[in-house]
Amino acid sequence: TEDRASQHRVESLEGASTIRAFRAEGMFIDGNMAVLERNLRSYYLNVASNRWLALRLEALGAIIVLLASLLAVLSDSVSAGLGGLS
């Protein structure tokens, strides 16, 4: 969809004088908006899914760090240096 949006923009800029001569600005503006909406819809879904994944991975990392620190503190056989290393 990104190729379609840039292709539509380039074609509109190259044919701007012809578009104005036939008074078809409205048609090209509507077409440009439709292409941009399709492009932004897929971009938004991509950003949303990346954020969803990042949130889950950050939570998983925090849980792993919490468990490692709890095991280091609550265990009697772990030295301070090994607990800090974990």
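A salt bridge is counted here where a side-chain nitrogen of Lys or Arg lies within 4 Å of a carboxyl oxygen of Asp or Glu. The views below show close-ups of a predicted model.

**View 1. The salt bridge between Glu-58 and Arg-51.** By the rule above, the count for this model comes to one salt bridge. The pair consists of the side chains of Glu-58 and Arg-51, with a distance of 4.0 Å from N to O. Side chains of opposite charge can pair when their charged atoms come close. Arg-51 has a relative accessibility of 47%. Because exposed requires over 50% and buried requires under 20%, Arg-51 counts as partly exposed.

**View 2. The lining of the largest pocket.** The volume of the largest pocket is about 160 Å³. His-8, Arg-9, Ser-12, Ala-16, Ile-19, Arg-20, Glu-25, Phe-28, Ile-29 and Asn-32 form the lining of this pocket. Two or more lining residues come from each of α1 (2-14), α2 (16-21) and α3 (25-74). The element that gives the most to the lining is α3, with four residues. Sorted by class, the lining holds four nonpolar, three polar and three charged residues. Rolling a probe the size of a water molecule over the atoms shows where empty space is left.

View 3. Most residues other than glycine have a negative phi. Arg-23 has a positive phi, near 50°, and is a residue other than glycine. Its relative accessibility is 73%, so Arg-23 counts as exposed, the cut-off for that class being over 50%.

View 4. Trp-52, Leu-53, Leu-57, Leu-60 and Ile-64 make a nonpolar surface patch of about 520 Å². One of these residues, Leu-57, lies in helix α3.

View 5. Ala-62 is a residue of helix α3. With a relative accessible area of 47%, Ala-62 is partly exposed, since this value falls between the 20% limit for buried and the 50% limit for exposed. How far apart in space are Ala-62 and Leu-82, C-alpha to C-alpha? The two are 19 Å apart in space, and in sequence Ala-62 and Leu-82 are 20 residues apart.

Definitions and conventions: Residues numbered from 1 in each chain as written. Predicted model: local features only at pLDDT ≥ 70, side-chain atom pairs only at ≥ 80, totals over all residues. Heavy atoms only, no water. 1 Å grid on protein atoms, 1.4 Å probe; cavity = no way out; pocket = protein on both sides within 12 Å on 5 of 7 lines; lining within 4 Å. Points joined across faces, edges and corners; volume = space filled by probe spheres on them. Nonpolar A, V, L, I, M, F, W, Y, C, P; charged D, E, K, R; others polar. Buried < 20%, exposed > 50% of the residue type's maximum accessible area, 1.4 Å probe, protein only. Patch = residues over 30% accessible without salt bridge, like charges linked within 9 Å, V, L, I, M, F, W, Y side chains within 5 Å. Areas by Shrake-Rupley, 256 points an atom, 1.4 Å probe, with all protein chains shown as cover.
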